[in-house]
Amino acid sequence: MFRLFLTELKREWILQLRYSAEIISFVIGLTIVFYGLFQSTRYIAGPGVQLGDRLDSIIVGYVLWSFSLFILGEIAGGLQREAQTGTLEQLFLSPFSAAQIFITRGIANLTIQFALNGTILLLIMVMTGSRLSFPPTLLLPLGTVLLGAYGLALAMGSLALVLKRVQQVLGIFQFLLFFLLLIPAESWAGSANFLVWLLPMTPGTELLRALMARGQPLDWVQFLIALLNGVAYLVLGLFLFGVAERQAKRRGLLGGY
Amino acid sequence: MVLTAHHLKKSYTSRGQTLTAVRDVSFDMSGGEVLAFLGPNGAGKTTCIKMIAGLIQPDAGWVKIGDYDPHSDRRALRLLGAVLEGNRNLYWRLTPEENLEYFGVLRGLSQRVARQRGQVLLERFNLTHKRHTLVQSLSRGMQQKLAIAVALIHQPQLLLLDEPTLGLDVEATLDVKRLVREIAAEGRAILLTTHQLALAEELSDEVAIINNGEIIAQQPTEALIQQFSGSAYSIELESAIDSGRKHRLEALGVGIPAPQTLRIPQPETLYSVLEILNPLPLLRVEKDRASLTDVFLQLVRESQDV
């Protein structure tokens with residue numbers, strides 16, 4: 001598996017370097033969108049309002065959203081592109097399972113995206129004057145968010161495997177993710193708070209906001225919930241992917257587009 | 001046996017209608033054998049190939065590559081390489097060297113072995129000078145040669161080639177033919193589908209003709225052609241035959257469709273005919289031989305009539 005990871009990392013790195021214009025425009029695009037959002041929020045709130053740690057919370061959510069978009073693009077978008085360009089079947093001829101290949105690809109891609117997202121985060125912090133803290137414990141809730149993101153990406157990949165053309169669904173799904181990751185669900189009261197535990201990636205996002213924006217220590221009970229949430233969505237994604245793979249093989253859908 | 005396909009069946013259902021792609025296909029292959037899988041469009045060739053590769057699940061029947069079923073045991077995939085028709089099979093944004101290394105690891109090799117084998121294959125396929133060129137900038141022939149090289153990176157026992165010469169120019173076709181012969185000579189089994197029947201006749205040891213999802217003929221290529229070839233001989237003379245010889249030949253039952261052409265329906269009279277013709281200069285003496293195209297068309301038409 002580690003061998004596969006290194007090869008995927010090399011492939012991703014070569015492609016990023018060779019087609020750097022695409023990736024740079026993506027980073028700039030995401031930063032500009034955020035800056036637009038930031039400016040309009042400030043305009044609506046009025047000049048006298050200090051956004052403070054609320055702004056920091058939004059930045060955390062926004063950066064997580066961009067992570068999720070990268071993962072979604074790599075797994076679900078990647079599956080669709082491979083079907084389109086005619087390399088998908090070659091991947092299914094590997095002794096590694098397709099889920100193994102795409103998850104490894106997702107991790108390799110994420111390793112590179114960490115650097116890119118770091119750039120986005122720095123750009124946003126410079127532009128908005130935000131000061132986020134980066135305690136090492138943030139890696140734990142971040143891990144749970146990523147598990148959930150992989151699970152959702154595999155679920156969307158399952159759709160791509162069976163339906164092929166999923167651009168429209170992916171487009172709508174991006175906004176759903178935006179809602180999940182930017183809404184401060186921790187402020188919901190009563191039974192709605194229970195919903196936070198069940199929604200994908202939300203418990204981990206909530207923890208990250210507490211750690212990075214409000215400088216609170218890691219709540220281990222909350223972390224356990226976030227971990228269970230992430231693992232549950234990953235298992236669900238893997239299950240759906242397995243079902244979709246069997247379905248695609250039964251209906252002869254792997255080759256066509 | 002390198003490959004055994006046993007009573008494969010496959011149907012698809014679309015908008016309430018069931019289409020049978022493969023009714024009942026069985027065959028096996030041993031190492032070094034080239035089997036040409038021939039059939040008209042929609043006969044079920046590609047579905048069969050994909051069922052063998054584990055890409056389409058059969059409704060009934062089973063496949064064994066070596067001792068493993070590609071649908072349930074991933075070890076089977078280590079014994080299999082494939083170049084699928086209509087697919088790029090390669091990453092166009094990578095170079096030949098990068099593709100070979102990437103797919104080598106994907107097929108279970110270490111990075112070092114994949115790189116070493118990649119160099120050897122590039123040299124053997126005359127692609128070393130293009131090793132740093134992006135695949136999208138290579139000619140169609142080079143891309144196809146590279147796809148075959150990539151399919152061989154893990155040294156599989158079975159190679160599936162779906163229309164390997166489709167869209168290639170004469171030179172590239174010759175290259176692919178040479179490679180197929182070489183690969184088979186190494187002891188690998190090659191299952192080949194093609195619409196170019198002359199190519200199949202030239203390369204295959206055995207032919208399986210499939211129509212409407214069923215194998216309608218399967219025999220060694222030479223035996224099949226012999227079976228459909230007549231026993232008559234044709235002789236072509238340098239100049240027109242004189243009337244004296246003409247009468248003697250006609251008495252032997254020889255047909256004379258043109259003044260310089262003789263047709264001898266009974267092979268036992270051949271030497272008597274040659275004695276009559278002696279010492280006239282001859283251009284050609286030939287036994288009637290069907291081509292694979294004749295055999296294919298006759299069999300497919302017969303099966304459609306049935």
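The model is predicted.

Which residues of α10(B) are buried? They are B:Leu292, B:Val295, B:Phe296 and B:Val300. These residues lie on the same side of α10(B), because they cover an arc of only 115 degrees around the axis. On the other side of α10(B), the exposed residues are B:Arg301, B:Glu302 and B:Asp305.

The length of α10(B) agrees with expectation. At 1.5 Å a residue, its 14 residues should span 20 Å, and the end C-alpha atoms are 20 Å apart.

One of the buried residues is B:Val295. Helix α10 of chain B, which holds B:Val295, runs over residues 292-305. Why does B:Val295 count as buried? Because 24 other C-beta atoms lie within 10 Å, and the cut-off for a buried residue is 20 or more. Leaving aside residues up to four places away in sequence, B:Val295 touches B:Leu224, B:Ile225, B:Phe228 and B:Ala290. B:His129 is another matter: B:Val295 and B:His129 are 42 Å apart in space, C-alpha to C-alpha, and 166 residues apart in sequence.

Next comes the contact between the chains. Chain B gives 30 residues to the contact, and chain A gives 25 residues. On the side of chain B that touches chain A, α1 (45-52), β5 (80-83) and α2 (96-106) of chain B each supply at least two residues. The largest share, 4 residues, comes from α2(B). The residue classes on the side of chain B that touches chain A are as follows.

| Class, side of chain B that touches chain A | Count |
|---|---|
| Nonpolar | 15 residues |
| Polar | 8 residues |

Chain A has 10 helices and 0 strands. Along the sequence, its pattern reads α-α-α-α-α-α-α-α-α-α. How far does the C-alpha trace of chain A span along its principal axes? It spans about 60 × 40 × 35 Å. The radius of gyration of chain A is 19 Å, which agrees with a compact globule, because a globule of 257 residues would have a value near 18 Å. Of the 257 residues of chain A, 41% count as buried. Contacts in chain A between residues at least 6 apart in sequence join residues at least 24 apart in 82% of cases.

How values were computed. Residues numbered from 1 in each chain as written. Chains lettered and ligands numbered in written order. Predicted model: local features only at pLDDT ≥ 70, side-chain atom pairs only at ≥ 80, totals over all residues. Contact = placed C-beta atoms within 7 Å. Nonpolar A, V, L, I, M, F, W, Y, C, P; charged D, E, K, R; others polar. Rg over C-alpha atoms; globule rule 2.2 N^0.38 Å. Buried ≥ 20, exposed ≤ 12 C-beta atoms within 10 Å, placed from the backbone. Expected span 1.5 Å × (residues − 1). Arc of directions from axis to C-beta.
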